[in-house]
Amino acid sequence: MTTQRDNPAGLRICWIDTMRYSDPLTTTQSHKWQMLTEQLGVQIYVTSFAPGLRPHRFSQHAHFILYPQLPVAVLRYLTLYTLAPIIALWLIFTRDVSVLIAHDPNVGFAAAVTKRIAALLGRKVAVVVETRGDFEENVFLQRRITFKGLYRRMMAWTANYALRHADALRAVSTTTRDQLLRWQPDKPITQFMSWTDSDVFIAAQRPCAPSQSHEVVFAGVIVPGKGVHLLVEAFAQVAAQYPQATLTLIGQPKRDDYMEELQTLITRFELQEQVNFIGHVTQAELAAHFAQSRVFVLATYAEGLPKVVIEAQFSGTPVIATTVGGIPELIEDGVTGWLIPTDDVPALAKRLLAVFDPAQQTAIDTIGAQGKTAAMNYFSPQAYVQHYGDLFTLAYNTRHQP
């Protein structure tokens, strides 16, 4: 007789991820896993990548089994597809794991293979496949791909296999939900945004109101898909009228040729003294940057539901962002932030100039305050944990129904 569950307490879960986890965890990661394990009463095993070439295993709220992170994307996928099913099967038969969570549909291929092998060996496990963005196109916006056609076909095949064998799906926005529905219209789908350590950003102390700052900030991976080149071009028009303005670009570059393109733009517009590049920062450092800026800009071409937008809002910083993915779910234009078209330097420059207009100081501060209120209403860590509890239970019951 199959037992149905009303809550997830007692479940053992294997998370198949692609993030890098260090020992000890960052404060934000530690907070997330602590809340999930303690409040839901579950045991979580995470298999993902170590920060370097040495495998590692440790426990901090969850149990982490990390394999080496090889320098080439194709080799990382081969590592994932080879080792993740072995580790997951070991956890199923030695730790009684009954739910597998896959970070995205391509990672979900490893979870689906594990589920099929476990079934052949007489064990039922449920698979949840998540998506945080456009899994069909995002990778091509982030890096240059050799043999793009072959790569696209392989990604489509692995994603389709994962989604067909999933017991439940999770999206972060209406856009990502619609994409999942196109691939698998009959699967149960849960929608809620990704984890953000909201307390860090809400608690950030602002040295002055947004309208008194002269700093424009971007945070994210520095790749063409994030539209950083568009921001630099638009900022050049702002700098021409407001020489005290500065632009801070926070994030890791992923392509040397793109960094060279950005440096060429900066030199052409003579912005060397006004544009600053900052690499990886902690959540607390990012919150401090947001809290001292006038506006956060995300001129991205594609997104799921970018948590960096809501993090900026938590800090009371006004946001300018493109109308892609789930961004319009976070921003009401002219009320909690500003929306602009994609790939439109004139529109971005016009909006930035309006933000720096001395006559708009009161409006800027009002937008920042309203954005913060909206963010606090939209996301809470407690709701995030409860959503996952419901998702664990849904997946288990779907798989174990008579």
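The structure holds one cavity of 30 Å³ or more, where a cavity is a set of points, on a 1 Å grid over the protein atoms alone, at which a 1.4 Å probe fits but cannot get out. This is a predicted model, in which local features need pLDDT of at least 70 and side-chain atom pairs count only at pLDDT 80 or more, while totals for chains, interfaces and linings use all residues. Residues are numbered from 1 along each chain as its sequence is written, and side-chain values use heavy atoms, with hydrogens and water left out.

**The cavity**

- The largest cavity has a volume of about 40 Å³, a volume being the space filled by probe spheres set on the grid points, which are joined across faces, edges and corners.
- Its lining (residues with an atom within 4 Å of a point) consists of Leu230, Ala299, Thr322, Ile340, Pro341, Asp343, Asp344, Val345 and Leu348.
- These lining residues divide into six nonpolar, one polar and two charged, where Ala, Val, Leu, Ile, Met, Phe, Trp, Tyr, Cys and Pro count as nonpolar, Asp, Glu, Lys and Arg as charged, and the others, Gly among them, as polar.

**The second largest pocket**

- The second largest pocket has a volume of about 300 Å³, a pocket being an open set of points with protein on both sides within 12 Å along at least five of seven lines.
- Among the residues that line this pocket are Val74, Tyr77, Asn106, Phe147, Tyr151 and Met155, and the lining as a whole divides into nine nonpolar, three polar and no charged residues.
- Helices α2 (73-94) and α5 (148-165) each supply at least two residues of this lining, and the largest share, five residues, comes from α5; helices (H or I, at least four residues) and strands (E, at least two) are DSSP runs, numbered from the N terminus.

**Helix α9**

- Helix α9 (residues 256-268) has 13 residues and reaches 18 Å from its first C-alpha to its last, close to the 18 Å expected at 1.5 Å a residue, the expected span being 1.5 Å times one less than the number of residues.
- The buried residues of α9 (under 20% relative accessible area, with a 1.4 Å probe and protein chains only) are Tyr258, Met259, Leu262, Leu265 and Ile266.
- They cover an arc of only 120° around the axis, which puts them on the same side of α9, the arc being that of the directions from the helix axis to the C-beta atoms.
- On the other side of α9, Asp256, Glu260 and Arg268 are exposed, a word that stands for over 50% relative accessible area, with partly exposed in between.
- What covers the buried residues of α9 includes α8 (228-241) and β11 (275-278), and just after the helix Glu270 takes a positive phi of about 55°.

**Helix α6 and Gln179**

- In α6, Thr176, Gln179 and Leu180 are buried.
- They cover an arc of only 100° around the axis, which puts them on the same side of α6.
- Gln179, which has its place in helix α6 (residues 174-183), counts as buried because its relative accessibility is 3%.
- Leaving aside its neighbours within four places in sequence, Gln179 is in contact (heavy atoms within 4.5 Å) with Gly133, Asp134, Phe135 and Glu136.

**Helix α11**

- Seven of the eight residues of helix α11 (residues 307-314) are buried, so this helix is largely enclosed by the rest of the structure.
- The buried residues of α11 include Val308, Ile310, Glu311 and Phe314, and the helix is followed by Gly316, whose phi is positive, near 80°.
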